[in-house]
Amino acid sequence: MSLIAAWWPSHVLNAIVLGIGFLLMLLVLIQRGKGGGLAGAFGGAGGSSPFGSRAADQFVKITLWLAGVWVLIIMIHVKVVKYDVEAEKTKSQITSTS
């Protein structure tokens, strides 16, 4: 099965998963560190947030919701790919028996 010959929803879901993953990375990088971590160990500003303390609570909520949507989209993507593979398999069986 060729990559280009895959069903179009698979490509759309791939782009959505990558986009949401990128947004999640940005959201996590923006958030204030809770325990200092590596930033505190090397003298960085691990406890400060560029948007203030009230925005930090909203970023946590947004991150959790976005992570949930990301997981849901991945589960849908697995079903779409499984359907695509099964359809390709039955199509190849029909053409090989003819």
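What follows is a chat about the predicted model shown above.

User: What secondary structure does the chain have?
Analyst: The chain has 3 helices and 0 strands, in the order α-α-α along the sequence. Helices (H or I, at least four residues) and strands (E, at least two) are DSSP runs, numbered from the N terminus. Residues are numbered from 1 along each chain as its sequence is written.

User: Where is confidence lowest and where is it highest?
Analyst: Helix 2 (residues 37-41) is lowest, at a mean pLDDT of 51, and helix 1 is highest, at 91. The chain averages 77, and 68% of the residues score at least 70. pLDDT is the predictor's confidence in each residue, from 0 to 100. As this is a predicted model, local features need pLDDT of at least 70 and side-chain atom pairs count only at pLDDT 80 or more, while totals for chains, interfaces and linings use all residues; side-chain values use heavy atoms, with hydrogens and water left out.

User: OK, the core. Which residues are in the largest nonpolar one?
Analyst: It has 9 residues: Leu13, Val17, Ile20, Leu24, Leu27, Phe59, Leu66, Ile73 and Val80. Helix 1 and helix 3 are the elements that give two or more residues to this core, and helix 1 gives the most, with 5. A nonpolar core here is a set of buried Ala, Val, Leu, Ile, Met, Phe, Trp, Tyr and Cys residues joined through side-chain atoms within 4.5 Å. Buried means under 20% relative accessible area, exposed over 50%, and partly exposed in between (1.4 Å probe, protein chains only).

User: What does leucine 27 touch?
Analyst: Setting aside neighbours within four places in sequence, leucine 27 is in contact with Phe59, Ile62, Thr63 and Leu66. Contact means heavy atoms within 4.5 Å.

User: And serine 10, buried or exposed?
Analyst: Serine 10 is in helix 1, and it counts as buried because its relative accessible area is 10%. Leaving out neighbours within four places in sequence, serine 10 contacts His77, Val80 and Val81.

User: How about alanine 67, where is that found?
Analyst: Alanine 67 is in helix 3 and counts as partly exposed, at 26% relative accessibility. The C-alpha atoms of alanine 67 and isoleucine 20 are separated by 8.2 Å, though the two residues are 47 apart along the chain.

User: Switching topic: how much of the chain is buried?
Analyst: Buried residues make up 20% of the 98 residues.
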